[in-house]
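Welcome! Here is a short briefing to read alongside the sequence and the 3D view.

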Amino acid sequence: MYSIYNNSFGPDNVYGHSLDLLRKLIPAGTNQVHLDVGCGFGAIAPHIVAMGLEYVGVDISAEAVEHLTSQGLEAHLVDINQDRSSLISRLLSITSGRVIASITILDTLEHVVAPIEVMRAVRAIAANNSSPIVISVPNVTHTEIASRIVTGNFEYTTDGLLDHTHIIHFSSQTLKSMSAQAGLFEVAASDTTVSYPLRDMHLDLDAPSHHSAYYQLIAHVRRNSDKFSDVYQFVRAFLPGSPLNTSPWYKTFVSQQLRPFLTIVIRTIGTELYALRDTLLCLSGQTDMDFEVVLIGHNLKIEQQINIEQLLLKQPGYLRKKIKFLQTNQGGRAFPLNLGYKAASGHYITTLDDDDIVFGNYVEVFRSLHDKMPGRLLRVRCVSQSVRKSNVEPAPQASISMGPIQANYPADFNLLDHLSDNFTPCMSVAYPREIIHTFGLDFDESLSTAEDWDFMMRSYFLLGVAESPEITCIYRRWTDKITSANLHSGDEWEKNRMTIIRKHDSLPVILAKGELRNIRNRYNAASTDPFKHIIAPDNRLPSLIATEVVTQLKRKSISAITRRLRFWKR
């Protein structure tokens, strides 16, 4: 059933936005035909005429066509649901060899059975003069619709996004894929939004309030994953080109078996190849070899690039074929991470520093966590060790351990602690790839430090965490070279920490099943012993810290204790 609407022109609605695009794309003074496909009552007709164009409308509604002709405008009765060749012939006969300056298809394609065929027909009409084509369709992925679908509410309405006469529902990706396959290539956009809640527009008294925590959470997820989440109608301008017939406009699924389990992203500046050599050696001996490595060279000089390439050539063949070597000269610390995570094809993605050590069970333990609780962040235990460079001639450079392994990172993920600072090194957590490719999260490139903590917590707020107490990696603390820990001042670290805390405070969060119990237990423990929840996982507090606690307690300086404990745990 086809409904005809007599909507009025407005500068902020789909008609006004479409005219803005046409004015930008059509040279002033053009005296040619504008073809309005699915014209309805011709809301844009007077404005098209005012531009100096000859208006021609086509529509399935006899009432609409009669209205336009009574106004002295040219309009024809056309059913655009007919097959492509018939539609092309009908439109060509109507235009009668006249030069077509532009075409619009506004709020029409969602009402037809095969919109891609209409796009192909219009492309054929526009091809002779490279005429711009403006298309508008409603966005079914609007946050308002998403909030209703979650609660099982997908009721059609008399008009709007869920108009009961809509046959095809469009998202930004649907429109992009369909138009590209039809041979239309987007050149401009002027999407519309609504300035008042859709619940008021459709008089839906049962819609969730925009001020509720539930709606804010849905809106937060939608904004991260889709920059068009608040778009009401897509209004896009296209030019005709060669059709893309290589793939369908709808999504097809690739076998999960073709992807590795884990992608290990390593960023390097190419200055300490002996350390990178150790890291690659660790990966060559994994008990689970179902991984790939994305090695990102950041701001490399040509000599450093050559040295890295030579190092990679020396790796065993089975490891070498797992490594993708990419380079970038852009951005700060976070930029290569974003590049690597977006290039990853694994089910999970982790960051491994180019100077740290992983044990042979590194990938295996991540997989065991996935098998138990798939879809969460996977967290293993990390330890630390002091190291320095060795320069014993004539042996090549190497690293030397300077002391025992320190178990100063907790075995469990304590949310309360992690809300204030980071106690999980980057290599000890793996992220489901959906956090990047579905939820749209990325590393904050405005941060000069602690970008991994910020990213981990924002991911945790959405997915929760699965954890193992098993030690699988060593964070190496260098005593004789510049690292991020000493490259940036304490003030800079604190500034970034407070920026991250303020950001997290502004987010709606999800607490995974069981997390409330963990918080309650830690709160109860802290209420009787304010330091119990931060005792080391083996239930021993180092004597130095214990002495500090006693001293500060005597001084009644809780803030001083907190700062000292934070320093110890870092």
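Which residues in helix 6 meet which residues in helix 9? T143, E144, A146, S147 and V150 of helix 6 meet Y214, Y215, I218, A219 and R222 of helix 9, where contact means heavy atoms within 4.5 Å. This is a predicted model, in which local features need pLDDT of at least 70, side-chain atom pairs count only at pLDDT 80 or more, and totals for chains, interfaces and linings use all residues. Residues are numbered from 1 along each chain as its sequence is written, and side-chain values use heavy atoms, with hydrogens and water left out.

**How the two helices pack**
- Helix 6 covers residues 143-150 and helix 9 covers residues 213-225; they pack at an angle of about 120°, with axes 9 Å apart.
- Helices here are DSSP runs (H or I, at least four residues), numbered from the N terminus.
- Helix 6 is therefore oblique to helix 9 (angles under 35 degrees count as roughly parallel, over 145 as roughly antiparallel, 65 to 115 as roughly perpendicular and the rest as oblique).
- By class, six nonpolar, two polar and two charged residues make up the contact of helix 6 with helix 9.

**Helix 6 itself**
- Six of the eight residues in helix 6 are buried, meaning under 20% relative accessible area (1.4 Å probe, protein chains only).
- The buried ones are T143, E144, I145, A146, S147 and R148.
- After helix 6 comes G152, with a positive phi near 80°.

**Cysteines**
- The count of disulfides (cysteine sulfur atoms within 2.5 Å) is zero.
- C382 is in no disulfide, and its nearest cysteine sulfur, that of C473, is 3.9 Å away.
- C382 is buried at 1% relative accessibility, and C39 is buried at 9% relative accessible area.

Terms used: Buried < 20%, exposed > 50% of the residue type's maximum accessible area, 1.4 Å probe, protein only. Axes fitted to C-alpha atoms, helices over the stretch in contact; angles between N-to-C directions. Nonpolar A, V, L, I, M, F, W, Y, C, P; charged D, E, K, R; others polar.
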